[in-house]
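Student: Could you take one part of this model and describe it closely, with the cut-offs behind each term?

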Amino acid sequence: MSKLSEDQKKEFVNHCIKDAGMLLCNENVVFPSLCGIGGDWNTIMTLIEDREVFHSKVFKARTTYLSKELYFYLKWFKQRKVLGETEKRIFDFLEETGGADTEMVKNSLMLGSKEFKKSMDKLLSDLQVTVLSRGKSLSESWTALVWGTYLQWESGCMADQYSLTNEECHTCIHQILSKNLSSKDIERMLR
């Protein structure tokens, strides 16, 4: 994959995500992983910034990259949950600021690392927040993350094509994920 241009690599990774519905950051026996298909940090970040991929923790609390299509189907089931106090503070802060990196959120809201991680994991699992873009560079192949709300992420998408009923979304989710998950596992993920 290293001989592919950046555009070809991006196209290939996006195809893999669309095909499986999701891609995991790290190796797993159930779904393909970013490294396993030859992707890298810059490729996935470009897809996130292009609003082709939604960063989440919807699958077993692991970093999970959702195809745009699967995100719009899952949101009807995952975003109905009530936010806790700290989750609501983080969500509201990100809405107000238009996005912020981890340190800015923690410092502005005076959150400890444990409380921040627990709340962010819940928000990521429920598709309430996501990564909007790269933040400051940490190394040649790694950057800080700029977090934002699902509303901010959606503002850069053409969402009209995904206007389906809950029942239609449920059917589409099963069609996409049944290649890798049992019906029981899909239903567990929708809770």
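Tutor: This is a predicted model, in which local features need pLDDT of at least 70 and side-chain atom pairs count only at pLDDT 80 or more, while totals for chains, interfaces and linings use all residues. Residues are numbered from 1 along each chain as its sequence is written, and side-chain values use heavy atoms, with hydrogens and water left out.

The part described here is an open sheet of three strands, ordered β1-β3-β2 with antiparallel pairing; strands (E, at least two residues) and helices (H or I, at least four) are DSSP runs numbered from the N terminus, and two strands pair if DSSP finds at least two bridges between them. Because β1 (22-24) and β2 each have a single partner strand, both stand at the edges, and one side of each is left without a neighbour in the sheet. From one strand to the next the twist averages 35 degrees, where axes are lines fitted to C-alpha atoms, for helices over the stretch in contact, and angles run from 0 to 180 degrees between N-to-C directions. Three bridges join β1 to strand β3 (residues 62-67) in the antiparallel sense, and leucine 23 stands opposite tyrosine 65 in β3. Helix α3 (residues 68-78) packs on this sheet and touches β1, β2 and β3, its direction making about 115 degrees with that of β3; contact means heavy atoms within 4.5 Å.

The loop between α2 (41-49) and β2 (53-59) holds arginine 51, whose phi is near 65 degrees, a positive value in a residue other than glycine. Most residues other than glycine have a negative phi. Arginine 51 counts as buried because its relative accessibility is 13%, the cut-off for buried being under 20% relative accessible area (1.4 Å probe, protein chains only).

Terms used
Buried means under 20% relative accessible area, exposed over 50%, partly exposed in between (1.4 Å probe, protein chains only).
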